[in-house]
Amino acid sequence: MRHLLSIADLEREDIERILSSAAFFADVADRPIKKVPSFRGRLVINLFYEASTRTRSSFELAAKRLSTDVLNVVSSGSSVEKGESLHDTVSTLSAYGPDAIVIRSPHAGAPALVAGWSGAGVVNAGDGKHQHPTQALLDVYVLRERLGDLDGRSIWIVGDVLHSRVARSCAQAFRKLGAEVTFAGPPTLVPNELAALGCEVRHTLDDIGDADVIYALRLQHERMSEAFLPSLAEYTANYQINSRRLKVRQLLMHPGPVNRGVELSGEVIDAPQSLIIQQVRAGIVVRMAVLVEVLTGSHAADPAVQRMTPEPQLA
Amino acid sequence: MSPASSPRRGGTTTRLFSASAQPADLLIREAHVLDPRAEIDGRHDVLIRGGEIAELAAPGTLDAPAGAETIEAAGKHLFPAFVDPHVHLRTPGQEHKEDLETGTRAAAAGGYCAVIAMPNTAPVLDDPTLLRGVVAQAREQARVRVGFMAAISVGLRGEQLTEMTLLREAGAIGFTDDGRPVVSAGLLRRALTYQRLCGGVLALHEEDPTLSAGGVMHEGEVSAALGLAGIPAISEATMIARDALIAKAEGGRTHFQHLSARASVEALAAAKVNGAPVSGEVSPHHLLLCDAEVRSLDTSFKMNPPLRSEDDRSALIDALRDATIDCIATDHAPHARDEKAVPFEEAPMGTTGLETAFAAIYTDLVVPGVLTLSTLIERLTAAARLFELDTPTIVPAAEANVCLIDLDATWRVGVGGYESRAVNCCFAGRELSGRVLLTAAGGQVAYRQRSFALSAA
């Protein structure tokens, strides 16, 4: 795989290959020495134009576990803040000869542009409200660990779908693995047009008992000032996942960070059905697997490099 | 549609400006002449002497008088040259995108003899002295005639009226805040009232910012799938409905720019039935493309109004055919390459269009039989009447405003570059039929296609 830009670019086999590779790295993570040496001397640049704690740190840790050099470039304090264009920033960073660029941008399509401008393999770490493919892959990884497979499972994605790149990527990934996906939330944040993604659209949680998995999304406070919602209290009354709505047999996910007491009540976050901590843990191994894909894919044309790059032994 | 004939002053002032060159002396032999308004549709020899149409005669019967160039045009079509009511020539202040010379060269290459430039320049054309400056520049640099729209409100801010009478005296052809809507109904009403004093069509970019704010593409399934903020069709249509009522109440001549949606067409049709003195235009990209193109996140497809749904597109075609929409406007909006080489949400709005308008519509709508060739020619020239200009026509004693087109010649957009300084064309890479070989504008030869110029020499 040359780049990871969108779940839409992946076939089911691609997703399964990445997940198997992630499972291999999960075994490595249980060893006393958690690093694999295969990519020593390779350079991974994390180019982050948006604040991010868990995605950036898990990409950094993933790259380090693969023994690569890691350069973190964040929007504050760099030329990004001085008005340099994305193109010029990428040209400058490309002079360091990166093997992979991980980019987080507030704008849809920025990773695809970077892929066109740089020789490096590009990983989309979130672009605008468009895609967040590694989040979707790690969510699928966690669900398959728990459920075996997703075929025929019902997954409800609840909340601010309109403004969520996680919802778009997850819906595509879940569906590619055979799950049925329902978007649920207020009509202002879950417009009917979202059915074009192949998902059912609901505006109440009346039937959420049918779900095998409930995937709650973060609600941004600015949605009130933008008149998408009248109040937090009304939102929580209608859409909060709490112990009354979460059944014992159901699984609960959230991409984090959680607004405690808004989209999730405090007690369900820590309930046995919650997979939220597993999601964070899976982030490292899945991102290791993704980096391996692009680090090998980006040099596929160069046989000398290929010889120096042993494939990880898959479990 | 009948533009209101309210009393006006300053109607005799020249409102189109170009550099002067040698008046054309041409004999165009055996071309198929199509001039729908003059009811000419057949093969003729056309003699142009001293920049005027001198004679139409049976094919192969005329010989070139001394000093006239003969163009053998059997199999080619000769049309009245086109008039574009909506272009951005970026002068003054944004000449890195386009200037009067490159923009009018692009116009001539597209078969246009006159274009009307928008005032959303830097600075905004809201001041008579500034307007005199660009008029003087056009007299030196423009290959085809340029009319300049002045702003309705100072700085396009929608707060204070410009000096409309003084701007008219300085040559303004009309008024618009294009690029932005006139949000205040009160200000629009005052401008339409004041128009009685100075004349000049008010052209309106219709968009309700409370509905469109932050939007970068059409609101629909594609925007939902991509996670891009949408501009709903009603943001345009509701403003057209509102402003048509104000135009009717004031009797003020009003033109609706770049219609993009079915609901907008319906609002315009209702306004015309209601007797409002209104007209409308549509752009080639809205006739030929829809929002599915944006899936590529290619910034060439980012424009305002945005490419809309297939249903909107078919409503626009129907409205153009039945003349609910009066004319075709390119909304030629050049941008520098690096300005468009950014993520979709950050890119400026607009596509170029002058060099591709005829060929794109001919290829996609005339060849498949959706639109007749004579309707296309009528709608490409109808803006002249709407803006109180002489309509190009191929009859004796008329000024030579003609374009010679090889309908069978195919070409790939962008191969060999553009006459425009800009490359942000939404039809780039498309193979089109219909190549402009020669344009005469204002009695002068304004354009010759390169290979055709060689073979003719």
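How many Å separate the centres of domain 1 of chain B and domain 2 of chain B, taken over C-alpha atoms? The two centres are 28 Å apart. Before selecting anything, note that this is a predicted model, in which local features need pLDDT of at least 70, side-chain atom pairs count only at pLDDT 80 or more, and totals for chains, interfaces and linings use all residues. Residues are numbered from 1 along each chain as its sequence is written, while chains are lettered from A and ligands numbered from 1 in the order in which they are written.

**The two domains of chain B**

Colour 26-78 + 399-409 + 422-456 of chain B as domain 1 and 81-386 as domain 2; these bounds come from an automatic or database domain assignment. Domain 1 of chain B brings 27 residues to the contact and domain 2 of chain B brings 35, two residues being in contact if their C-beta atoms, placed from the backbone, lie within 7 Å. On the domain 1 side, strand 16 (402-412), strand 17 (431-441) and strand 18 (444-448) of chain B each supply at least two residues, and strand 17 of chain B gives the largest share, eight residues. Helices (H or I, at least four residues) and strands (E, at least two) are DSSP runs, numbered from the N terminus. That side of domain 1 divides into 18 nonpolar, six polar and three charged residues, where Ala, Val, Leu, Ile, Met, Phe, Trp, Tyr, Cys and Pro count as nonpolar, Asp, Glu, Lys and Arg as charged, and the others, Gly among them, as polar.

Next, select strand 16 of chain B, which is joined to strand 17 of chain B by eight bridges in the antiparallel sense, with B:V402 opposite B:A440. Strand 16 of chain B also pairs antiparallel with strand 5 (residues 77-80) of chain B, over four bridges, and here B:H77 has B:I405 as its bridge partner. Two strands pair if DSSP finds at least two bridges between them.

**Where chain B meets chain A**

Show both chains: 15 residues of chain B are in contact with 20 residues of chain A. Helix 6 (residues 221-226) of chain B provides four residues, the largest share of the chain B side, which comprises nine nonpolar, two polar and four charged residues.

**A sheet and a helix in chain A**

Now select the open sheet of four strands in chain A, whose order is 2-1-3-4 with parallel pairing. Strand 2 (69-74) and strand 4 (121-127) of chain A are its edges. Strand 1 (residues 43-48) of chain A is joined to strand 2 of chain A by six bridges, and A:L47 stands opposite A:V73.

**A last stop at A:F174**

Finally, centre on A:F174 in helix 6 (residues 165-176) of chain A. Is A:F174 buried or exposed? A:F174 is buried because 25 other C-beta atoms lie within 10 Å; a residue is buried if 20 or more other C-beta atoms lie within 10 Å of its own, exposed if 12 or fewer, and partly exposed in between, with C-beta atoms placed from the backbone. Beyond its neighbours within four places in sequence, A:F174 is in contact with A:V140, A:L150, A:I155, A:A179 and A:V181.
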